[in-house]
Amino acid sequence: AAGRRQAGGRGRATFNALRRNQPAAIATGFGRQLGRRETDVDGILNRMAEDPVLQRIARGTGSISPAQFLSVATSLAGQYHLDDLEVVSPEGRILSSARWPARYGHREPQIAESGQPAFLAQQALPDGSLQTGIFAVRPAGLSGPLLYLVGARRRTPGMLQRVPVPVGAT
(Lines give C-alpha, C1' and ligand atoms only; values in the text may rest on other atoms or scores of the structure.)
Protein backbone atom coordinates (compact mmCIF):
# COMPACT_ATOMS: atom_id res chain seq x y z
CA ALA A 1 0.00 0.00 0.00
CA ALA A 2 2.87 2.36 0.77
CA GLY A 3 4.35 1.74 -2.70
CA ARG A 4 1.01 2.55 -4.29
CA ARG A 5 0.73 5.83 -2.33
CA GLN A 6 4.27 6.77 -3.31
CA ALA A 7 3.59 6.04 -7.01
CA GLY A 8 0.32 7.99 -6.79
CA GLY A 9 2.17 10.90 -5.21
CA ARG A 10 4.76 10.94 -8.00
CA GLY A 11 2.01 10.80 -10.62
CA ARG A 12 0.16 13.66 -8.94
CA ALA A 13 3.39 15.68 -8.66
CA THR A 14 4.16 15.07 -12.34
CA PHE A 15 0.62 16.09 -13.32
CA ASN A 16 0.81 19.25 -11.18
CA ALA A 17 4.19 20.16 -12.67
CA LEU A 18 2.80 19.76 -16.20
CA ARG A 19 -0.24 21.86 -15.31
CA ARG A 20 1.95 24.63 -13.86
CA ASN A 21 4.28 24.64 -16.88
CA GLN A 22 1.55 24.47 -19.54
CA PRO A 23 0.86 28.25 -19.79
CA ALA A 24 4.57 29.00 -20.21
CA ALA A 25 4.95 26.29 -22.86
CA ILE A 26 1.94 27.60 -24.80
CA ALA A 27 3.27 31.17 -24.54
CA THR A 28 6.66 30.02 -25.81
CA GLY A 29 5.02 28.24 -28.77
CA PHE A 30 2.94 31.30 -29.58
CA GLY A 31 6.04 33.50 -29.33
CA ARG A 32 7.88 31.29 -31.84
CA GLN A 33 4.93 31.34 -34.25
CA LEU A 34 4.65 35.12 -33.91
CA GLY A 35 8.40 35.51 -34.45
CA ARG A 36 8.24 33.52 -37.71
CA ARG A 37 5.36 35.63 -38.99
CA GLU A 38 7.15 38.86 -38.00
CA THR A 39 10.24 37.76 -39.91
CA ASP A 40 8.04 36.89 -42.89
CA VAL A 41 6.37 40.33 -42.98
CA ASP A 42 9.75 42.08 -42.53
CA GLY A 43 11.22 40.14 -45.47
CA ILE A 44 8.26 40.84 -47.73
CA LEU A 45 8.41 44.60 -47.10
CA ASN A 46 12.18 44.66 -47.58
CA ARG A 47 11.76 42.99 -50.99
CA MET A 48 8.81 45.19 -51.88
CA ALA A 49 10.76 48.36 -51.07
CA GLU A 50 13.03 47.50 -54.01
CA ASP A 51 10.13 46.95 -56.43
CA PRO A 52 10.68 48.99 -59.65
CA VAL A 53 7.16 50.47 -59.50
CA LEU A 54 7.77 51.83 -56.00
CA GLN A 55 11.24 53.03 -56.90
CA ARG A 56 9.81 54.96 -59.87
CA ILE A 57 7.10 56.48 -57.66
CA ALA A 58 9.63 57.38 -54.95
CA ARG A 59 11.87 59.13 -57.47
CA GLY A 60 8.92 61.04 -58.84
CA THR A 61 9.78 59.98 -62.38
CA GLY A 62 7.55 58.44 -64.98
CA SER A 63 3.93 59.21 -65.48
CA ILE A 64 2.39 58.19 -62.16
CA SER A 65 -0.82 60.12 -61.66
CA PRO A 66 -2.68 60.48 -58.35
CA ALA A 67 -5.40 58.20 -59.74
CA GLN A 68 -2.84 55.40 -60.15
CA PHE A 69 -2.01 55.61 -56.46
CA LEU A 70 -5.50 54.36 -55.65
CA SER A 71 -4.73 50.90 -57.00
CA VAL A 72 -0.98 50.54 -56.42
CA ALA A 73 -1.35 49.25 -52.82
CA THR A 74 -4.00 46.71 -53.81
CA SER A 75 -1.89 45.47 -56.70
CA LEU A 76 1.31 45.17 -54.63
CA ALA A 77 -0.47 43.57 -51.66
CA GLY A 78 -1.81 40.87 -53.98
CA GLN A 79 1.54 40.39 -55.70
CA TYR A 80 3.43 40.06 -52.39
CA HIS A 81 0.68 38.15 -50.51
CA LEU A 82 -0.01 40.72 -47.79
CA ASP A 83 -3.41 41.17 -46.19
CA ASP A 84 -2.97 44.91 -45.93
CA LEU A 85 -0.66 47.51 -47.42
CA GLU A 86 -0.50 51.27 -47.36
CA VAL A 87 1.83 53.44 -49.39
CA VAL A 88 2.53 56.59 -47.39
CA SER A 89 4.08 59.92 -48.44
CA PRO A 90 7.20 61.33 -46.76
CA GLU A 91 4.86 63.66 -44.84
CA GLY A 92 2.94 60.69 -43.41
CA ARG A 93 -0.18 60.91 -45.62
CA ILE A 94 -1.69 57.75 -47.08
CA LEU A 95 -1.33 57.71 -50.87
CA SER A 96 -2.81 54.26 -51.38
CA SER A 97 -4.46 51.69 -49.14
CA ALA A 98 -5.20 48.12 -50.18
CA ARG A 99 -7.91 47.53 -47.60
CA TRP A 100 -9.42 50.97 -47.26
CA PRO A 101 -8.95 53.17 -50.37
CA ALA A 102 -11.02 55.97 -48.82
CA ARG A 103 -8.17 56.60 -46.34
CA TYR A 104 -6.34 58.49 -49.12
CA GLY A 105 -4.84 61.64 -47.59
CA HIS A 106 -5.32 60.56 -43.97
CA ARG A 107 -2.36 60.50 -41.61
CA GLU A 108 -0.65 57.18 -40.91
CA PRO A 109 0.85 57.28 -37.40
CA GLN A 110 2.59 53.92 -37.75
CA ILE A 111 5.36 55.36 -39.94
CA ALA A 112 7.05 56.33 -36.68
CA GLU A 113 7.87 52.59 -36.46
CA SER A 114 9.89 52.70 -39.71
CA GLY A 115 12.95 50.47 -39.59
CA GLN A 116 11.86 48.80 -36.34
CA PRO A 117 11.13 45.06 -36.13
CA ALA A 118 7.64 43.93 -37.09
CA PHE A 119 5.05 44.27 -34.34
CA LEU A 120 1.62 43.00 -33.35
CA ALA A 121 -1.02 45.76 -33.55
CA GLN A 122 -4.69 46.42 -34.13
CA GLN A 123 -6.04 48.38 -37.08
CA ALA A 124 -9.47 49.84 -37.62
CA LEU A 125 -11.42 48.42 -40.57
CA PRO A 126 -13.93 50.27 -42.75
CA ASP A 127 -16.85 48.62 -40.90
CA GLY A 128 -15.57 50.01 -37.56
CA SER A 129 -14.25 46.70 -36.25
CA LEU A 130 -10.66 46.07 -35.23
CA GLN A 131 -8.33 43.51 -36.79
CA THR A 132 -5.14 42.28 -35.15
CA GLY A 133 -2.17 41.76 -37.41
CA ILE A 134 1.58 41.67 -37.67
CA PHE A 135 2.75 44.98 -39.13
CA ALA A 136 6.04 46.26 -40.44
CA VAL A 137 6.99 49.70 -41.74
CA ARG A 138 9.77 50.21 -44.29
CA PRO A 139 11.02 53.13 -46.35
CA ALA A 140 11.01 52.73 -50.14
CA GLY A 141 13.22 54.85 -52.33
CA LEU A 142 16.93 55.05 -52.79
CA SER A 143 17.31 58.82 -52.63
CA GLY A 144 15.22 61.92 -52.44
CA PRO A 145 11.80 61.83 -50.84
CA LEU A 146 10.98 58.40 -49.49
CA LEU A 147 7.74 56.55 -49.53
CA TYR A 148 6.83 54.42 -46.57
CA LEU A 149 5.26 51.00 -46.78
CA VAL A 150 3.00 49.84 -43.97
CA GLY A 151 2.25 46.17 -44.56
CA ALA A 152 0.51 43.51 -42.53
CA ARG A 153 -0.57 39.94 -42.32
CA ARG A 154 -3.70 39.44 -40.27
CA ARG A 155 -3.68 37.25 -37.22
CA THR A 156 -5.94 34.35 -38.04
CA PRO A 157 -7.61 31.74 -35.84
CA GLY A 158 -5.42 29.17 -37.60
CA MET A 159 -2.34 30.93 -36.26
CA LEU A 160 -3.21 29.76 -32.75
CA GLN A 161 -4.03 26.26 -34.00
CA ARG A 162 -0.46 25.92 -35.32
CA VAL A 163 1.06 26.56 -31.88
CA PRO A 164 2.43 23.21 -30.70
CA VAL A 165 0.56 21.75 -27.74
CA PRO A 166 2.90 20.94 -24.84
CA VAL A 167 3.41 17.29 -23.91
CA GLY A 168 0.77 16.19 -21.43
CA ALA A 169 -1.60 19.10 -22.20
CA THR A 170 -4.18 17.00 -24.03
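**Notes on the cores and the aromatic pair**

1. Let's start with F119: its relative accessibility is 17%, so F119 counts as buried, the cut-off being under 20%. Keep in mind that this is a predicted model.

2. F135 is buried too, with a relative accessible area of 3%. A search of the whole structure turns up one aromatic pair, and F119 and F135 form it: the rings are stacked, 6.2 Å centre to centre with 20° between the planes. The pair links distant parts of the chain, with F119 in strand 3 (residues 119–124) and F135 in strand 4, 16 residues apart.

3. On to helix 2 (residues 52–59), where L54, Q55, I57 and A58 are buried. Looking down the axis of helix 2, you'd find its buried residues within an arc of 165°, so they line one face of the helix. At the start of helix 2, a side-chain oxygen of D51 comes to within 2.9 Å of the backbone nitrogen of V53.

4. Now the largest nonpolar core, which has 25 residues; M48, L85, V87, L147 and L149 touch the most other members. Helix 1 (2–48), helix 2, helix 3 (66–80), strand 1 (84–88), strand 4 (130–140) and strand 5 (147–154) each supply at least two residues of this core. Helix 3 gives the most, with six residues.

5. L147 deserves a look of its own.

Technical notes
Residues numbered from 1 in each chain as written. Predicted model: local features only at pLDDT ≥ 70, side-chain atom pairs only at ≥ 80, totals over all residues. Heavy atoms only, no water. Buried < 20%, exposed > 50% of the residue type's maximum accessible area, 1.4 Å probe, protein only. Helix = DSSP H or I, 4+ residues; strand = E, 2+ residues; numbered from the N terminus. Arc of directions from axis to C-beta. Polar contact = N/O pair within 3.5 Å; in protein donor to acceptor, adjacent residues only side chain to side chain. Core = buried A, V, L, I, M, F, W, Y, C linked by side-chain atoms within 4.5 Å. Phe/Tyr/Trp six-rings, centres within 6.5 Å; stacked < 30°, edge-to-face > 60°.
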